[in-house]
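This report describes ring contacts and surface features in one protein model. Please look at the sequence and structure below before reading on.

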Amino acid sequence: MFRLLKGFGVTLNYFRKKKITIQYPDEKVVMPERFRGIHRFFPDKCIVCNMCVNICPTDVITLTGKKHPENPKKKIIDTYNIDFQGCILCDLCTEVCPTDAIVMTARYDNLSSYTRSEHFKDIEWLSNNHVYGNYEESGPVPEMGERGERK
Ligand code: SF4
Ligand code: SF4
């Protein structure tokens, strides 16, 4: 009998605690400052150095560049792709990028799809992967910097 009452006591205690369940997708979790979410790419910043491609442990980044129209010694990015079928969100590509052209955002739920091929994201998708996108329609809008970090 004592154990039964003790069990009820534990259950009743939970009624007093703050609820942590949220009504996803109407409400969305604001991720921690250093969360490693889905990438965003800034084509204007990319110098086509290939460092992100070389360091990627799963070989999921592909890119091509072309000569700068005004300065043939420089290159500008032409195509940039990440195949998220194999990306392990390890952050190495963003760490090694000398110009912050590739960064990780606070997004985590925009890769759902019915086909694997949809996980292949090109330069346009990666450039438009705005960090606020998840929060535009509903829920709180976290105040974030350009790189997705909370201010
Ligand atoms: S996060 Fe890691 S696995 Fe994903 S693209 Fe960057 S280096 Fe490759
Ligand atoms: S994204 Fe960064 S590391 Fe990758 S090629 Fe461009 S400048 Fe170099």
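Is Tyr 108 buried, partly exposed or exposed? Tyr 108 is partly exposed, with a relative accessible area of 28%; buried means under 20% relative accessible area, exposed means over 50%, and partly exposed lies in between (1.4 Å probe, protein chains only).

## Basis of the model

This is a predicted model, in which local features need pLDDT of at least 70 and side-chain atom pairs count only at pLDDT 80 or more, while totals for chains, interfaces and linings use all residues. Residues are numbered from 1 along each chain as its sequence is written, chains are lettered from A and ligands numbered from 1 in the order in which they are written, and side-chain values use heavy atoms, without hydrogens and water.

## Aromatic pairs

Rings of Phe, Tyr and Trp (its six-membered ring) pair if their centres lie within 6.5 Å; planes under 30 degrees apart count as stacked, over 60 as edge-to-face and the rest as tilted. By this rule there are three aromatic pairs. One of them joins Phe 35 and Tyr 108 edge-to-face, with 6.2 Å from centre to centre and 85° between the planes. Phe 35 lies in the loop between α1 (2-16) and β1 (39-41) and Tyr 108 in the loop between β4 (102-104) and β5 (120-121), so this pair ties together parts 73 residues apart in sequence. Helices (H or I, at least four residues) and strands (E, at least two) are DSSP runs, numbered from the N terminus. Phe 35 is partly exposed, at 28% relative accessibility.

Another pair, Phe 41 and Tyr 80, is stacked, with 4.0 Å between centres and 10° between the planes. Phe 41 belongs to strand β1 and Tyr 80 to strand β3 (residues 75-83), so the pair ties together parts that are 39 residues apart in sequence. Phe 41 is buried at 1% relative accessibility, and Tyr 80 is buried with a relative accessible area of 1%.

## Charges over rings

A charge sits over a ring if NZ of Lys or CZ of Arg is within 6 Å of the ring centre and within 35 degrees of the ring normal. The charged end of Lys 17 sits over the ring of Tyr 14, 4.6 Å from its centre. Lys 45 has its charged end over the ring of Phe 42, 4.6 Å from the centre of that ring.

## The loop between α1 and β1

Val 30 is placed in the loop between α1 and β1. Val 30 is partly exposed, with a relative accessible area of 27%. The C-alpha atoms of Val 30 and Arg 107 are separated by 9.3 Å, although these residues are 77 apart along the chain.
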